[in-house]
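Please look over the sequence and the coordinates shown here before reading on.

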Amino acid sequence: MADNMRFIGQDVLRREDEYLLRGQGRFVDDLVVPTDTLHLGFVLSPHAHARIAAIDVAQAAALDGVVAVLTGDDIAEFVQPIVAEIEFPGYIRHGRDVVARDIVRFVGEAVAVAVCESAYVAQDAIELVDVDYEILPAAVRLETATDPGMPQVHAEIDNNLIFEGRFTTDGVDAAFAGAPHVLKERFRSGRVGGVPIEPRGCLAIPEHGDSLLFYSSTQVPHLLRTALAQYTGADESKIRVVVPEVGGGFGTKAQIYPEEFVTFALARHFRQPVKWMQDRREELLTDIHARDHLYEVEVAFDDDGVVQGLRAEIWTNGGAYSTLPFGCTLETTGGARMIVGPYRITEYAYVARAVATHTAPAGAYRGVAQPTCFMAIEGMMDRIARALKLDPAEVRLRNMVPTAELPWTNVVGVRYDTGSFVESLQRAMTMIDYSGFRTRQPADRLVDGKYRGIGICSFTEVSGTGAPGWRARGLVRMPGFDSGIVKVEPTGKVTAYVSHAHAGQGHYTTFAQVVADALGADLEDVNIIEGDTAATPYGTNTFASRSAVTGGGALLRAGDKVKQKIRRIAADMLEAAVEDVVVEGGRAYVAGVAQHGLSFKQVAETAYAMNNQSLPEGETFGLEDTDFYDPPLVTMANAVHIAQVAVDAADCRVEIERYVVVHDCGRIINPTIVDGQIQGGIAQGIGEALMEEMVYDDMGQFQNATLLDYLLPTSEDLPNFEIEHIESPSIDNVGGFKGVGEGGLIGAVPAVLNGVADALCDLGVNINRKPLKPSVILKLMREARERQT
Amino acid sequence: MTGKTEVSVTVNGRKRHAMVEPRMLLVDFLRHELGMTGTHIGCEHGVCGACTVLLDGRTARSCLHFAVAVDGAEIETVEGMAGRDQLHPIQEAFHQHHALQCGYCTAGFLMTTVELLKRDPDPDEADIRRALTNNVCRCTGYANIIKAVAAAAAAIRAQS
Amino acid sequence: MKPAPFDFRAPPDLAGVLDLLAEYGEDSRVLAGGQSLVPLMNLRMVQPAMLISINRCDDLDTIARQDDRLICGARVRQAAAEESELVQQDCPLLAAALPYVGGQANRNRGTVCGSLAHADPLAELPAVALALDAEMHVATRSGRRRIAARDFFVGELDTALQPGEFLEAVAFQRQDADERCAFLELGNRRHGFAVAGLALRLGVQSGRCVMASVAVMGGGATARRISAVEAALEGTLIDEIAVAAAVAALSEAVVPPVDVHADAEYRRHALGVLLERALRSEEER
């Protein structure tokens, strides 16, 4: 497949750029809407847990420009309660009304919707809806929500324990009993959100018959379409979902949200276009949250620092509802399964629990539990090193699976087909002059009023998850495959359709590179179409670092099929043997006799019966083919991040002074785009490590629902990044690609935390939580000082 | 009481007017009244910078202005930067350096860069990071944006 | 978030502004740069029925010396103040603080007086006004009065301005040529919202401190002058002992607020750090 790679691996500049730079890219709110479009405004609950005693919509409905105000009971006639379809032992299903009917379960849950003639009036209308709440006590904290007597979020979920999963190898107790050393630690991660700069929105336009055109700022057009049909009763074949430009997804837009169902249903009901745009406050309140996690981890290790056994008790806060389509167990099972990382840990036991609370529902945000599980295991690696007075990098090297032993299946059954755990760590250490830094580093770490440390994260990144991988996580209705259609048009140009949707990753460019190589076409002649369910084949769509693996794989296969057809037709036209026909650069020619060949256009004209040439015997008309790709279980990438940090001894602020990455995502399609993904992920990771946190008070009141109070990192908070690549092509999948979308974020959180821990280790400061705001660091430093006296 | 009034502004050199409510934000005026959707909304509280335009030659948060309050002003938006066939040097530099991914925040960065380079034609990395610190990007991590701005500065200096 | 409906006027001069304020009083708000007000309006935390824009009032746009004071009219943009030679010469403390106020896009439109009238407890300019013993020039249709900065900042987002009153100008004390001054702030991000900040002026003769003016943000419900710190510095040689005493006095005097960004303990500590840095000669302008 793709024997001569002219374009895969090249730094092709992006074709997306020009129209985005000119301001011509159309995001949902940029779409020109019909003049009779109705605008929605949602009334949001100000309480974390309450019974809706009464809703009076009369005043709101009477406002000029308001068409209707609907309650949860009204909406329930159009939309069934949504249910995350997880089948997993220990998981308790529960449903969610898309607009609350009886009980509200988190601040920000919708209780009514105003349908208005303008977005401005919608904001006026929602203020006039009078809701009578009976406030109920709320269970907010991960640590206490499952205690006896706590208010239950759902009647069917006892003690708010939505899910509990267990696993153990047979020898883990013996490993702990027999090991000379055991260390235990508790890691606490604060809640964060993806916070894309474009908030969510959608636009539903009824068309002929019962058809409806649905634009949404989504990462999952096909999954969305199926869900819309499933929960509203509409015919799936009459729904077209189109993804316009999307201003950042990061997993938050891979969920399917209540507002999408409501917008869709009301467009059908009113037979008018209906639009909804979220504002930033709503985005922070209601887009999925993530990483409200607690890990209690124990490692047993020998005198050389080699881990003999690992135990983990993992708690994840799932919020008030299990979200579509991943449910709230994705983080739970993700952390539990990914924590062993690149290490040879063969005795392992975990208990992993997802807890319901009266807070915003959790979901898939870039990294999905890997930032937190690596925070834990990488934090333990450093603790082992400190306990034994070994170097932390050395401890990791002693624990890693050597490349020569790959393929290797880890203790939970995840296969690492290829990789470069040891090589990437060694290379990263060279890049940052690790040994030089250690040599110069004073015992007290203090130089020029700053504590300086170096933090490592060596990790694996799960990517390209196929159906078996989703089943292993309990997601029984997640397809897993993706699809591609490659077509040569009558004029010889190439159109390729793929079941993905972009949100900034450059698919139009990278998929074109893949198709051009698969087919033997010129890059300029290839056009990619995605994000349109009327045009593109069905697939699992775009999240969890999958598009290169599944989309690339499907396009390689489909492209190859078309290439073979080109060869057959050309052979016939050239009176040559098929084996002698080479397809390259948009031409098919006899090997060694380049001038004896045909352009794609000439071949296509035969395929489309537009000349006097007949098709070869048995050949069908047209010049296109479809293929699918479902990768095996998962495709594991790996990387190492090393951060050199400086903690100001006086004001406790953290600066990242140097940051190096060695990344292995298998065969790289476009190195610059890969680097861009890594850089963006690192930025989010540094934000998460140092300043981002969604804060609820004990009553479940969200404290920081604006960007004044939820701080995102800016250009002055981030360093330059030094990134190098190793390519260990996957041997398990078509194309050899591995995903890279999440790696930047996964590595940054532990690297920064470990850097701060290293910087402050002489003070006895224990870094086991995030974010490390300056006030947190001060507190930890003072506690350490008190412990020492 | 809050009937519509006429607003006249010059946008990218062209006189434009419309009848709007006083509360219509300048960003909505540009986007929905004038159909110029290149400028985007990210927060409506002046923090993210996605809505940045030039107002009488200086950057302004168009989400924090009412159209009626800037009646008579000269506004420049991203749509005015490129020529028909050629991108502005700053835009070209963003393209060459992969300084955009989703593109949603990009117009704001372009406008801020225009102002920066007018004021300081040869900024160093720290100057650039300082100038861009009030534009938030969630996709790129800024490193390529910084490089693009430096390259744009060099290209513009070379032109003059 | 879209603001609630309001009526809008843009009078051409101060008299027009004062007439409207007299008519609409508490139902109105003044729109200067809007960088503090409009976010609140967009969030619907503030819903004036009448918005009175001063942006056509050229008579409010002056920066001028008057005896021992430098006066900024209500429409003086923060960027204009930052770029003003008069400000740089006469009030270097103000010039030092201005780059911390928001971003360039905010300063291009936001006004000096607007920030003062808004009185955000963690904003820079109220602390500067306190340190420079500013006088607020307040006008109504029926008369004028002056309010000392010390009496102006009453609480969080609350000033001594009564309904119908308009802050037409602020008069900063002109600093002596041989004064040392510094403005420092810290936040959870390199640039952006302050968690704590400090504005300091020192008059030094023959190594001895003859005048100290110290104001902080993050030490109370509003920006505050800390006289205990000033007392701890005045008369001393600003040596290690004096600095320690000043930091201790600061620590004792402040009642820092608690929010999602920082607890009281950190703010107290940070203010001490800022004071120490400000007193060290490397940090001064």
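## Contact between chains A and B

The structure is a predicted model. Within it, 45 residues of chain A are in contact with 42 residues of chain B. On the side of chain A that touches chain B, α1 (17–21) and α18 (671–690) each supply at least two residues. The most comes from α18(A), which gives seven residues.

By residue class, this side of chain A divides into 18 nonpolar, 15 polar and 12 charged residues.

## Two domains in chain B

The domain assignment of chain B gives domain 1, covering 5–80, and domain 2, covering 89–159. Taken over C-alpha atoms, the centres of these two domains are separated by 22 Å. Their contact takes 14 residues from domain 1 of chain B and 12 residues from domain 2 of chain B.

On the side of domain 1 that touches domain 2, the strands β3 (52–55) and β4 (58–61) of chain B each supply at least two residues. The largest share, three residues, comes from β3(B). The residues of this side of domain 1 comprise six nonpolar, seven polar and one charged.

## A helix pair in chain B

Two packed helices are described by the angle between their axes and the distance between the axes. In chain B, helix α2 (residues 89–96) packs with helix α5 (residues 143–159) at an angle of about 135°, and their axes are 8 Å apart. This angle makes α2(B) oblique to α5(B). The crossing of α2(B) past α5(B) is right-handed.

From α2(B), the contact is made by B:P89, B:I90, B:A93, B:F94 and B:Q96; from α5(B), by B:A148, B:A151, B:A152, B:A155 and B:I156. These residues divide into nine nonpolar, one polar and no charged.

## An open sheet in chain A

In chain A, six strands form an open sheet with mixed pairing, in the order β9-β19-β18-β17-β10-β34. The edges are β9 (161–168) and β34 (769–770); each has a single partner strand, so one side of each is left without a neighbour in the sheet. Strands β18 (residues 307–319) and β19 (residues 348–356) of chain A run parallel and are joined by nine bridges. A:E313 has A:V351 in β19(A) as its bridge partner.

Helix α9 (residues 329–338) of chain A lies across β9, β17 (293–301), β18 and β19, and runs at about 165° to β19(A). Helix α10 (residues 370–388) of chain A also packs on the sheet, where it touches β10 (181–189), β17 and β34; its direction makes about 145° with that of β10(A).

Note on methods:
Residues numbered from 1 in each chain as written. Chains lettered and ligands numbered in written order. Predicted model: local features only at pLDDT ≥ 70, side-chain atom pairs only at ≥ 80, totals over all residues. Contact = placed C-beta atoms within 7 Å. Helix = DSSP H or I, 4+ residues; strand = E, 2+ residues; numbered from the N terminus. Nonpolar A, V, L, I, M, F, W, Y, C, P; charged D, E, K, R; others polar. Domains from an automatic or database assignment. Axes fitted to C-alpha atoms, helices over the stretch in contact; angles between N-to-C directions. Parallel < 35°, antiparallel > 145°, perpendicular 65-115°, else oblique. Left-handed = near helix turned anticlockwise from the far one by under 90°. Pairing = 2+ DSSP bridges.
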